[in-house]
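Let's take a friendly walk through some helix packing and side-chain contacts. Here is the model to keep beside you.

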Amino acid sequence: MIIKHQRGRGNKVHLLLDDEYAITTDINFWLDNYIADGTDIDEDEWQRLVEGINYKKALNKCADLLSRREHSVKELKMKLLKTVDEASADRAIKRYLEAGYLDDEHFCQSLVEYLYNVKKYSTNHIRQECYKRGIDSDIINSVLENFEVDNIDTIVQLIENKYLSKLEQENGREKVVAALMRKGFSYSDIKSAFYRLEQDEF
């Protein structure tokens, strides 16, 4: 197989086999693994080159995604698989785990704090959101056990900041209770929150 390259837009380099497009890489990878145009390479050499290209692509994608926000391992892998093969995704993830840039426990801690303090989610809702991101149940349980979550206090804040006007509407209390239950709060916690609010009025 005869290999050739063509410069693409920006730092892209397109590789051709027997004058047919095969794969795209970047200029940095190509300079590190340069093969002169017209070189005859065998299948093993080509596969090693492709594996290297995909691994570099996976590393770059990890860097891009993690520069925007933290991810769980599963969440990151699912995104990587949209652009690279599973072997390359696994190699890149292993590299970032070893370097300390991926940590499900730290990610879970940050996520719980955000969902509780900013989004005002219930414990059940927080747990569901963590599961959705592929975090192990043992990690979720450990983080929640060490995190002071007061569902009743959260409900009180939501009612005071978001639902007061709705309470004044017809069947307002029922509507607010339904909205809070959709957020994952138990009826007993909602009832306790209303009781606390009513006591504070005196």
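## Helices α3 and α4

The crossing of α3 and α4 is right-handed (left-handed would have the near helix turned anticlockwise from the far one by less than a right angle, right-handed clockwise). This is a predicted model, in which local features need pLDDT of at least 70 and side-chain atom pairs count only at pLDDT 80 or more, while totals for chains, interfaces and linings use all residues. Residues are numbered from 1 along each chain as its sequence is written, and side-chain values use heavy atoms, with hydrogens and water left out.

Helix α3 spans residues 73-80 and helix α4 residues 86-99; they pack at an angle of about 140°, with axes 10 Å apart. Helices here are DSSP runs (H or I, at least four residues), numbered from the N terminus. Axes are lines fitted to C-alpha atoms over the stretch in contact, and angles run from 0 to 180 degrees between N-to-C directions.

On the α3 side, Val73, Leu76, Lys77 and Leu80 make the contact, meeting Glu86, Ala89, Asp90, Ile93 and Leu97 of α4 (contact means heavy atoms within 4.5 Å). By class, these residues are 6 nonpolar, no polar and 3 charged (Ala, Val, Leu, Ile, Met, Phe, Trp, Tyr, Cys and Pro count as nonpolar, Asp, Glu, Lys and Arg as charged, the others, Gly among them, as polar).

## Helices α6 and α7

Now to another pair: α6 (residues 123-132) and α7 (residues 137-145) pack at about 145°, their axes 10 Å apart. Their crossing is right-handed. Thr123, Ile126, Arg127, Cys130 and Tyr131 of α6 touch Ser137, Ile140, Asn141 and Leu144 of α7. This contact has 5 nonpolar, 3 polar and 1 charged residues.

## A residue of α2

Asparagine 54 belongs to helix α2 (residues 43-68). With 14% relative accessibility, asparagine 54 counts as buried (under 20% relative accessible area; exposed is over 50%, partly exposed in between, with a 1.4 Å probe and protein chains only). Setting aside neighbours within four places in sequence, asparagine 54 contacts Ile23, Val84, Asp85 and Ser88.

## Rings and charges

The structure has 2 aromatic pairs. In one of them, tryptophan 30 and tyrosine 34 have ring centres 5.6 Å apart and planes at 70°, so the pair is edge-to-face (Phe, Tyr and Trp rings, the six-membered one for Trp, pair with centres within 6.5 Å; planes under 30 degrees apart are stacked, over 60 edge-to-face, the rest tilted). Tryptophan 30 is buried at 2%, while tyrosine 34 is partly exposed at 47%.

The charged end of arginine 91 sits over the ring of tyrosine 55, 3.7 Å from its centre (NZ of Lys or CZ of Arg within 6 Å of the ring centre and within 35 degrees of the ring normal). Arginine 173 lies over the face of phenylalanine 194, 4.1 Å from the ring centre.

Key. Helices (H or I, at least four residues) and strands (E, at least two) are DSSP runs, numbered from the N terminus.
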